[in-house]
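Q: Could we go through the pockets and cavities in this one together? I'd like the terms spelled out as we go.

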Amino acid sequence: MWIERWALTLAVVVPLVGAGVVALLPREREALAKGMGVVVSGVALLFGLLALTRYDFSLGGMQLELKLPWIRTVGASYHVGVDGISLPLFVLTLLLTFLCAVYTLRWMPEGGSAKAFTALVLLLETGMAGTFIALDLILFFVFWELVLVPMYFLIAIWGMENRVYAAIKFFLYTVFGSVFMLLGFLALYFRASPHTFDVVELVRMGSSGAFPRAFQNLVFLGLFLGFAIKVPMWPFHTWLPDAHTEAPTVGSVLLAGILLKMGTYGFVRLALPILPEASRDWAPLIGVLAAIAIVYGALCCLAQRDLKRLIAFSSVGHMGFVMLGISTLSRVGVNAAVYGMVAHGVITGMLFFLAGSIKDRYHVREIQEIGGGMLAKLPYLGGVLAYAAIASLGLPGLAGFWGEVFSLLAAFNPAPGLPLGLYRGLAVAGAVGTVLTAGYFLWMLQRVNLGSVPERWIAKPMPDVVLTEWVAWAPLLVLILALGVYPVLVFGVTNPAVTTFLALGR
């Protein structure tokens with residue numbers, strides 16, 4: 001059926017068209033713009049769910065592919081498709097954007113028009129979702145760069161006091177990495193015989209040994225810089241806390257929930273299968289940087305006094321676990337990495353929603369200023385915060401547990417040929433990081449949730465969780481539990497695809 005063939009494309013194009021329509025609305029139709037944001041992102045989500053129902057979970061290759069001529073001069077094509085690695089991230093993108101649109105029905109940030117904000121969020125959705133289905137390097141790069149513009153303006157216009165600095169820093173860091181990534185893409189194009197930007201063809205060439213080892217390592221350096229900055233890996237992480245701290249709530253949710261995954265996805269989709277020999281050469285370094293990020297991120301969290309900044313630094317550590325899994329080049333490790341991407345998107349997206357709602361009630365983000373007693377003052381909000389924080393620290397039975405524990409397990413048994421002693425040392429460092437993670441989240445909960453209500457807040461009227469928030473948060477709260485109790489919801493999708501692409505790299 002044509003709807004199956006075009007479902008992926010429609011899920012990406014509908015928000016783009018919707019952004020244009022919303023941008024053209026009269027200035028006085030702000031309420032209509034917010035409603036259209038919910039409708040448009042909801043329609044895109046329906047197309048994503050349609051693709052999910054048409055996907056054969058027993059197969060490991062690309063499905064729902066559509067390939068059309070695009071730029072004939074250089075052989076670039078409009079080639080899209082999904083496998084078990086990209087499908088969970090694609091659906092997560094559509095879901096989180098829809099929930100953000102619902103959230104903004106009540107909590108629209110101040111400082112600009114609602115229709116401009118909604119149009120930028122929809123444009124951002126197109127860039128993020130398109131990145132996960134693109135199977136042509138030029139198309140991938142277009143979607144990758146498209147994300148920069150709306151996120152820059154979301155931070156610069158609707159952010160906090162230092163929003164312009166944070167927006168420029170985010171933009172410059174990402175553009176710097178993108179330049180080297182593009183050079184790597186061009187090198188692959190000119191080295192391929194015949195010349196092609198098609199990802200499927202390049203993976204076939206890479207697995208057959210068409211690219212010399214020295215060439216692979218040089219190209220891997222370019223891709224590494226582009227992807228590592230987006231993750232962000234230590235020491236390229238410094239833009240992240242500033243961007244998260246200054247961004248509006250919806251911007252932080254999408255930045256943590258989706259944008260960071262674009263970098264880790266780039267490693268799994270492009271760098272590892274196209275450049276298998278270079279991947280083995282670079283894997284130990286990536287593992288070391290990942291272990292540093294896990295411990296460093298946790299230590300930085302222990303030093304934070306700003307709730308939003310603490311959650312931002314926690315992403316550095318959690319993405320370190322994802323990169324540690326990728327660096328093992330093993331089936332268990334890569335499966336754990338993809339699971340970790342999804343779990344982090346769900347949990348940390350929820351935490352940033354909560355940070356935004358706390359700020360809207362207390363009008364402060366400093367943990368000391370909140371002063372404790374939230375469970376007594378706002379029992380539902382405090383309870384949800386405790387639930388999400390405990391999930392993020394990796395409690396068994398919740399979504400944060402499986403990605404971390406399987407990444408550590410993979411580090412104890414990496415792919416053959418990788419230094420076993422080094423990886424087991426990295427696993428120990430990762431285990432220390434989990435203890436520190438529990439420490440900073442429990443420290444935060446003690447100072448925000450527990451104790452008596454400070455006198456300055458006793459008489460101040462504050463609504464507990466309202467209906468709009470429950471609607472926006474309920475899917476994430478359910479997913480946190482469902483993925484923890486039944487992790488095969490993700491592993492059952494990812495494993496056939498991971499097994500297939502690792503077999504190609506041998």
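A: Happy to. Helices (H or I, at least four residues) and strands (E, at least two) are DSSP runs, numbered from the N terminus. This is a predicted model, where local features need pLDDT of at least 70, side-chain atom pairs count only at pLDDT 80 or more, and totals for chains, interfaces and linings use all residues. Residues are numbered from 1 along each chain as its sequence is written, and side-chain values use heavy atoms, with hydrogens and water left out.

Q: Thanks! Which helix gives the largest share of the lining of the largest cavity?

A: That's α14, with 6 residues. On a 1 Å grid over the protein atoms alone, a cavity is a set of points where a 1.4 Å probe fits but cannot get out, a pocket is an open set with protein on both sides within 12 Å along at least five of seven lines, and lining residues have an atom within 4 Å of a point.

Q: How many residues line the largest cavity, and which lie nearest its centre?

A: There are 15, and His-318, Gly-340, His-344, Gly-400 and Glu-404 lie nearest the centre. Helices α13 (307-327), α14 and α18 (400-412) each supply at least two lining residues.

Q: And how does that lining divide by class?

A: The largest cavity has 6 nonpolar, 8 polar and 1 charged residues in its lining. Here Ala, Val, Leu, Ile, Met, Phe, Trp, Tyr, Cys and Pro count as nonpolar, Asp, Glu, Lys and Arg as charged, and the others, Gly among them, as polar.

Q: OK, switching to the second largest pocket. What lines that?

A: It has 14 lining residues, with Pro-88, Val-91, Leu-479, Leu-489 and Val-490 nearest the centre. By class, 14 are nonpolar, and none are polar or charged.

Q: Which helices supply at least two residues each there?

A: α3 (86-103), α14 (331-362), α21 (467-485) and α22 (488-505) do. The largest share of this pocket's lining, 5 residues, comes from α3.

Q: Back to Leu-489: where is it found?

A: Leu-489 sits in helix α22. Its relative accessible area is 43%, so Leu-489 is partly exposed (buried means under 20%, exposed over 50%, partly exposed in between, with a 1.4 Å probe and protein chains only).

Q: One last topic, the second largest cavity. Which residues lie nearest its centre?

A: Gly-37, Ala-101, Thr-104, Thr-118 and Val-121, out of 14 lining residues. The elements giving two or more residues to that lining are α2 (30-53), α3 and α4 (114-133). Its lining divides into 8 nonpolar, 5 polar and 1 charged.
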